[in-house]
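Colleague: Can you walk me through this one? I'd like to start with the core, then helices and salt bridges.

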Amino acid sequence: MKLLATLLTGMLFAASAGAATPAAVTSSGDFGPPQGAPIQAILTSPPMVPPPIHRNYPAKVIVNLEVVEKEMSISEGVSYTFWTFGGTVPGSFIRVRQGDTVEFHLKNHPSSKMPHNIDLHGVTGPGGGAASSFTAPGHESQFTFKALNEGIYVYHCATAPVGMHVANGMYGMILVEPPEGLAPVDHEYYVMQGDFYTAGKYREKGLQAFDMEKAIDERPTYVLFNGAEGALTGDKALKAKTNETVRLFVGNGGPNLVSSFHVIGAIFDKVRFEGGSNFQKNVQTTLIPSGGAAIVEFRTKVPGSYVIVDHSIFRAFNKGALAIMKVEGQENKAIYSGKEVDSVYLGDRAAPNMTSVTTATAAAANGTLTRQDQINAGKSLFNGTCSVCHQPSGAGLPGVFPPLAKSDFLNADPQRAVGIVLHGLSGKVTVNDREYVSLMPPMNQLNDDAVANILTYVLNSWDNKGGQIKTEDVKTIRAKNAAPAAAGH
């Protein structure tokens, strides 16, 4: 029996070792010189991914990537000067095959004010290519590397001050496919988180400058997917159908924060954590370090809006780290009874789009804002911010949340309502001859325009007496920094 056990143990060990050999070969290797004619790499802007590679030999792949410094929207009515690879944040997605020889061309647009370079974590060599790619405005650099290791890798600028370049959006991802390729799926998407540091507060309007002190102290104003609040919501949400497989290439550009990546209502069937070759199954939330990446895969089973968040949850609902995947198809009551996810998760991104808010912002900027513009924008914002407690009808909840419809409390002093939204209110309050006891926290995430628009909508809805709250009114009351005199919700 001892001899049999020894033989079985030896056979199992040999089988295990034999099974591991192919993985060890494909995890790192050379695979010889490139074959065939050089190939121009297909680069895509987020959230799209280049098509899978279907060749069985190493090739010379030419990558052309241009650095562009450009002003873009970071939130509604808020702009920022991003430094980009390829004109987007994150930068262009690069896809090559393990064993390929990559000829990399980095251009720096003549309009740039800064020199830049690139450090690709998938490169074996000093600086990941940074030392070979320092490029002044209006110039081009070239270097070549062998893609030795398969996996999903971050790239970023490494020009001093490195943190500032990364914080301005200079990061992206390169996928090095294994020789056999990745298993086919129905959808592949590119999602990358980053933390941003603006001089102004969250959602403060206008062009915002980079704040180095906030960045050093790791106090981001925004934490975002794909470089802008709402980049993957509304009509820009990711899309799939029921019973389809989805693969997300998820990166974290940082520069500071670790991401707790989570899709509300989905369990990851498979996660290649830290961008490596190993994977875990049945994962709820996966950690992605700054400068790291992961590949998550899952199958959609029931329709609805699946909210993607950094589960360090205030980042999602108060700093912008929120995206949506819209899944269409037949319901499956055996798995889930139904009811579309609503504003309790989506916040002011619950609306299909934010067109009315965009219209009001533009009108305010050129001095043509009307009360109706405010009402339209306020309705969208109310439905995402206030309707959970006060209800879409403005009726409130008996004994808990007072009604905003036909509200004698509101109509008696609309300016008092501004103070309540800004500074919060707790304790007892009487509305329409009924007493309510609750707590309303300060709505610090709302900027002055949003407060004015929401309250203008409320004043002109549900048989209230009408009126208009202007942004200047909100600014004045916010500056007082004092809680309202009245008690209650």
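Modeller: In the largest nonpolar core, which has 34 residues, V418 and V451 touch the most other members. A nonpolar core here is a set of buried Ala, Val, Leu, Ile, Met, Phe, Trp, Tyr and Cys residues joined through side-chain atoms within 4.5 Å. Buried means under 20% relative accessible area, exposed over 50%, and partly exposed in between, with a 1.4 Å probe and protein chains only.

Colleague: Which elements each supply at least two residues of this core?

Modeller: Helix 6 (355-366), helix 7 (371-385), helix 9 (408-412), helix 10 (414-423), helix 11 (448-459) and helix 12 (471-480), along with strand 22 (425-431) and strand 23 (434-440). Helix 11 gives the largest share, 8 residues. Helices (H or I, at least four residues) and strands (E, at least two) are DSSP runs, numbered from the N terminus.

Colleague: And what does V418 touch?

Modeller: V451, L455, I469, V474 and I477, leaving out residues up to four places away in sequence. Contact means heavy atoms within 4.5 Å. There is also a second, separate core of 28 residues, with L248, F298, A323 and M325 among them.

Colleague: Before we go on, where do these values come from?

Modeller: This is a predicted model, so local features need pLDDT of at least 70 and side-chain atom pairs count only at pLDDT 80 or more, while totals for chains, interfaces and linings use all residues. Residues are numbered from 1 along each chain as its sequence is written, and side-chain values use heavy atoms, with hydrogens and water left out.

Colleague: Fine. Helix 6 next. How far apart are its end C-alpha atoms?

Modeller: 17 Å. At 1.5 Å a residue, its 12 residues should span 16 Å, which agrees. The expected span is 1.5 Å times one less than the number of residues.

Colleague: Which residues of helix 6 are buried?

Modeller: S356, V357, A360, T361 and A363. Seen down the axis of helix 6, the buried residues fall within an arc of 165°, so they line one face. That arc is taken from the directions from the helix axis to the C-beta atoms. On the other side, A365 and N366 are exposed.

Colleague: What do the buried ones pack against?

Modeller: Helix 7 and helix 11. After helix 6 comes G367, with a positive phi near 80°.

Colleague: Switching to salt bridges. How many are there?

Modeller: The count comes to 13. The rule is a side-chain nitrogen of Lys or Arg within 4 Å of a carboxyl oxygen of Asp or Glu.

Colleague: What is the partner of E150?

Modeller: R272, with the closest N and O atoms 2.9 Å apart. This pair links distant parts of the chain, 122 residues apart. E150 is in the loop between strand 7 (140-146) and strand 8 (151-156), and R272 is in strand 16 (residues 268-272). Both E150 and R272 are buried.

Colleague: What about E229? Which residue does it pair with?

Modeller: R203, at 2.8 Å between the closest N and O atoms. E229 lies in the loop between strand 12 and strand 13, and R203 in the loop between strand 10 (187-196) and strand 11 (206-208), so the pair ties together parts that are 26 residues apart in sequence. E229 is buried, with a relative accessible area of 10%. R203 counts as buried at 10% too.

Colleague: Which residues form a network?

Modeller: R95, E177, E188, R247 and E297 are linked by salt bridges. Separately, D310 and R315 meet in a salt bridge at 2.9 Å, N to O. D310 counts as buried at 0% relative accessibility, and R315 at 18%.

Colleague: Now N226. Buried or exposed?

Modeller: Buried, with a relative accessible area of 8%. N226 is in the loop between strand 12 (222-225) and strand 13 (238-241). A polar atom of the N226 side chain lies 3.2 Å from the backbone oxygen of Y190.

Colleague: Last one, G172. Where is it, and what is it in contact with?

Modeller: G172 is in strand 9 (residues 171-177) and counts as buried at 0% relative accessibility. Leaving aside neighbours within four places in sequence, G172 is in contact with P90, G91, Y153, V154, Y155, Y190 and M192. The C-alpha atoms of G172 and H156 are separated by 6.4 Å, and these residues are 16 residues apart along the chain.

Definitions and conventions. A polar contact is a pair of N or O atoms within 3.5 Å; within protein, one must be able to donate a hydrogen and the other to accept it, and residues adjacent in sequence count only if both atoms are side-chain atoms.
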